[in-house]
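Subject: Structure handover and findings

Hello,

Here is the structure we discussed. Please open it alongside these notes.

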Amino acid sequence: MSVTSSPPPSVVDLTNATTNDDHINLGLWHREHDRHKEAETSFRNAISTSPNHSTAHAELADLLEDLGRTTDAEESYRRAISLNHSDPYTYIYFGILLRGKYQQQEREGGDTSTLNEAERCFRTAAELDPLSSIAFYNLAHILDDTNNIVPAEAAYKTCIRLDPSHSDASANLALLLTNQHRHPEALEAYTTALTADPTNTAAIFNCANLYEELGRTTDAEAFYRRVLELDPLDPAVHINLGYVLTKIHSTHPGQPGPHTKEACDSFRAALTLTTLDDTTRQRVQFELEVLDGDPSTTPHRASPDYVTAEFDALAATFDARLVDDLGYQGPTLLHDAIVEVYAAATGRDTPSDGQWTVVDFGCGTGLMGPLLKPWAESLHGIDLSPKMLEVAKEEGRGYDTLRVGDTALLLQSNDGFEAGGVDLLVAADVLAYLGELEEFFRAAAFALVEGCGWLAVTVEALEEASGRRGVGEGGGGWELLYSGRYAHSEEYVRRLAGKCGLVVERHECVDLRVEFGLPVVNHIFVLRRGYGG
């Protein structure tokens, strides 16, 4: 026998009632029992009975929002507020709706007026009820989202003072403090968040990330495992655990420690999850190939999808990280090498008086652009990452064209340059993502002007590389390092250059940047396309 839920006597009595409050109470009962259609009817009956009753409009708005009918919900919230300016909770729930509406708009172009109205709603709610922790939490959240850091921090702290058990407020405050590099305060805030709610997985995960950033890999491992006990289906946790396991007890910079097998198991666990997006899947698969150490499975290049995903993610902070944190000097060193070679060959101080067709292959955010522009009648950038190219364009680094692409673009005529018509082709810190270089050198030779076209490249020096796996192309030509980058030997580059009709005009070894506190030694080659072949 099936049993159905029936309204209690008091609610049955309401079904024959005609007062506004009776209809609202009946609607609330229906909603509690997931009878949404009946709940909506009851709230609309309440409005019919008393059109100016703000509570009926507010309850209807809340229901409609839950049902995903946001346009109707917005209209009802506005009506409720117009009838009653003193209910803080109507402002709070309307503000939450507006914030969600803005997030949807942001994916389609954005309208900050919606976000501004949401902020005003939360401010009004906090003014109406200075003891409402919910009002201050939502105000803090939206201020945080809009990078109003100081007032956001104050609002989070007010929320926590009013409600010390508000775990999410403490967790969000911790993340805000982390982003300001106020790490001791951030750890204290995470402690508060997890004291309030030991099952707050977002707080545990972000605290693990902070421990990893601080080099406290054992603590990071413990916290990632703690998240997995609560949520074993989150691929990001498996991936981050894999990364931290490679670092624990490592005795050599850039090389994984004794937990490599466990790290691989963690990466494989992530790959089994259907929630893992395609680009991250590519990245994790490549990490497994890096760690595997099996020559038979070593890829000859990093997957283009992997490279695109990696550098799209890094684009916003790439310049600061590469130049400021890692001391990257590639553009300047490559520029100086080109000048010296051309001066030795021709006796001229300047390679070109703005007459060359120049291609910056793997241009990224365009750090080489300003150095190349004085030599160029036309300057063209090619990169796999659309977001890196966006930065190059926004920064105005002198490129006439910017294209998303790979070596195939060097083998065809393009808007601005034609194959066989390129005077200078540069590739700064790009070949570290290619193991086998013959395809690139053949494409470069095809693109350059016969007899006087120049190619300038940097390659990570295999002879000096740390973090070596010892697997790669036979004969010591190239290896895939534990860093996920490829290193190449001087002999290999010289051999390929000759095979592809390129003449080495200059070679030197330089410290290109720093990694794990050690210099990363690179070969700089300046080559000229020969005649024929």
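Which residue forms a salt bridge with arginine 31, and how far apart are the closest N and O atoms? The partner is aspartate 66, and the closest N and O atoms are 2.3 Å apart. A salt bridge here means a side-chain nitrogen of Lys or Arg within 4 Å of a carboxyl oxygen of Asp or Glu.

Before the rest, the ground rules. This is a predicted model: local features need pLDDT of at least 70, side-chain atom pairs count only at pLDDT 80 or more, and totals for chains, interfaces and linings use all residues. Residues are numbered from 1 along each chain as its sequence is written, and side-chain values use heavy atoms, with hydrogens and water left out.

Side chains of opposite charge can pair when their charged atoms come close. The structure holds 33 salt bridges. Back to the opening pair. Helices are DSSP runs of H or I with at least four residues, strands are runs of E with at least two, and both are numbered from the N terminus. The two ends of the pair sit in contrasting surroundings. Arginine 31 is buried at 16% relative accessibility, whereas aspartate 66 is exposed at 56%. The cut-offs: buried is under 20% relative accessible area, exposed is over 50%, and partly exposed is in between (1.4 Å probe, protein chains only).

Glutamate 74 and arginine 78 meet in a salt bridge at 2.8 Å, N to O. Both lie in helix 5 (residues 70–83), four residues apart, about one turn of the helix. Glutamate 74 is buried, with a relative accessible area of 13%. Arginine 78 is partly exposed at 35%.

Aspartate 219 pairs with arginine 216, the closest N and O atoms being 2.9 Å apart. Aspartate 219 is partly exposed at 29%, and arginine 216 is partly exposed at 36%.

There is also a network of salt bridges. It links Asp429, Glu460, Arg485, Arg513 and Glu515.

**Backbone**

Most residues other than glycine have a negative phi. Two aspartates are worth a look here. Phi of aspartate 429, a member of that network, is positive, near 55°. Aspartate 429 lies in the loop between strand 4 (424–427) and helix 22 (438–447). Its relative accessibility is 13%, so aspartate 429 counts as buried.

Aspartate 34 also has a positive phi, near 60°. The loop that holds aspartate 34 runs between helix 2 (20–32) and helix 3 (36–49). Aspartate 34 is exposed, with a relative accessible area of 59%.

**Cysteines**

How many disulfides does the structure have? The count comes to zero, where a disulfide is a pair of cysteine sulfur atoms within 2.5 Å. Take cysteine 159. The closest cysteine sulfur, in cysteine 121, is 18 Å away, so it is too far for a bond. Cysteine 159 is buried, with a relative accessible area of 0%. For cysteine 207, the closest cysteine sulfur is in cysteine 159, at 19 Å, again too far for a bond. Cysteine 207 is buried too, at 3%.

Best wishes
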